[in-house]
Amino acid sequence: MSDDDRLRRLADLEEIRTLKSLYCRWVDSGYDAAGEDPDHFAALFTEDGVWEVSSEPARGHDEIRTRAAASTRFKLHLAANAIIELDGDRASGTWHVLVPSTASDGGAVWRAGTYDDDFVRTPDGWRFAHVTFHPAFRAPYEVGWGTA
């Protein structure tokens, strides 16, 4: 691998990591420093991108923006353990995620799982083509995940 290829690989990996960090920032809500910006969030996806974090996937910028705007309860995404595979102008990534959040009934809950992401390089940089969340557990804060 040439030095130019190595440099491009490192730049691509860093841009994808930053993209995932922005994903967490713009979808978070309910606290002073939360990004809470559905427009910025939707722009992280390709025009035909898919956001599959519930039983009904959101497809395209309009659906993704609408779904992101509908959830304003507290949520704080902590994504880690990235495994990113590059393949030219496409890439895939897997992340562990822990999301302390507020449930629809107002109770505090822990949510955790993994994300499987597909990325594509666009003229505007790397974007999400498909994001899939795989839940590991959802547990009330008071009870914890030991019984989940």
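This is a predicted model: local features need pLDDT of at least 70, side-chain atom pairs count only at pLDDT 80 or more; totals for chains, interfaces and linings use all residues.
The strands of the model form an open sheet of six members, arranged in the order β2-β1-β6-β5-β4-β3, with mixed pairing. The edge positions are taken by β2 (58–59) and β3, each of which has a single partner strand, so one side of each is left without a neighbour in the sheet. In general, the strands of a sheet pair through backbone hydrogen bonds, in either a parallel or an antiparallel manner. Strands β1 and β2 run antiparallel and are joined by two bridges. Within this part of the sheet, Val50 stands opposite Arg59 of β2.

Helices α1 and α3 both lie across strands of the sheet. Helix α1 lies across β1, β3, β4, β5 and β6, and runs at about 50° to β6. Helix α3, in turn, lies across β1 and β2, running at about 45° to β1.

The largest nonpolar core comprises 26 residues, and those with the most contacts inside it are Tyr23, Phe41, Leu44, Phe45, Trp51, Phe119 and Phe128. At least two residues of this core are supplied by each of α1 (3–27), α2 (38–42), β1 (45–52), α3 (60–70), β4 (90–102), β5 (108–122) and β6 (125–140). Helix α1 provides the largest share, seven residues. Nonpolar side chains tend to be buried together in soluble globular proteins.

The surroundings of two residues illustrate the packing in more detail. Apart from neighbours within four places in sequence, Phe45 is in contact with Tyr23, Val50, Trp51, His61, Ile64, Arg127, Phe128 and Val131. Thr46 is found in strand β1. Because its relative accessible area is 10%, below the 20% limit, Thr46 counts as buried. When residues up to four places away in sequence are not counted, Thr46 touches His61, Val120, Thr122, Arg127, Phe128 and Ala129.

Most residues other than glycine have a negative phi. Glu36, although not a glycine, has a positive phi of about 40°. This residue, Glu36, lies in the loop between α1 and α2, and is partly exposed, with a relative accessible area of 37%. A positive phi is also found for Asn81, likewise a residue other than glycine, with a value near 60°. Asn81 lies in strand β3 (residues 78–87), and β3 is one of the strands at the edges of the sheet.

Technical notes: Residues are numbered from 1 along each chain as its sequence is written. Side-chain values use heavy atoms; hydrogens and water are left out. A nonpolar core is a set of buried Ala, Val, Leu, Ile, Met, Phe, Trp, Tyr and Cys residues joined through side-chain atoms within 4.5 Å. Buried means under 20% relative accessible area, exposed over 50%, partly exposed in between (1.4 Å probe, protein chains only). Helices (H or I, at least four residues) and strands (E, at least two) are DSSP runs, numbered from the N terminus. Contact means heavy atoms within 4.5 Å. Two strands pair if DSSP finds at least two bridges between them. Axes are lines fitted to C-alpha atoms, for helices over the stretch in contact, and angles run from 0 to 180 degrees between N-to-C directions.
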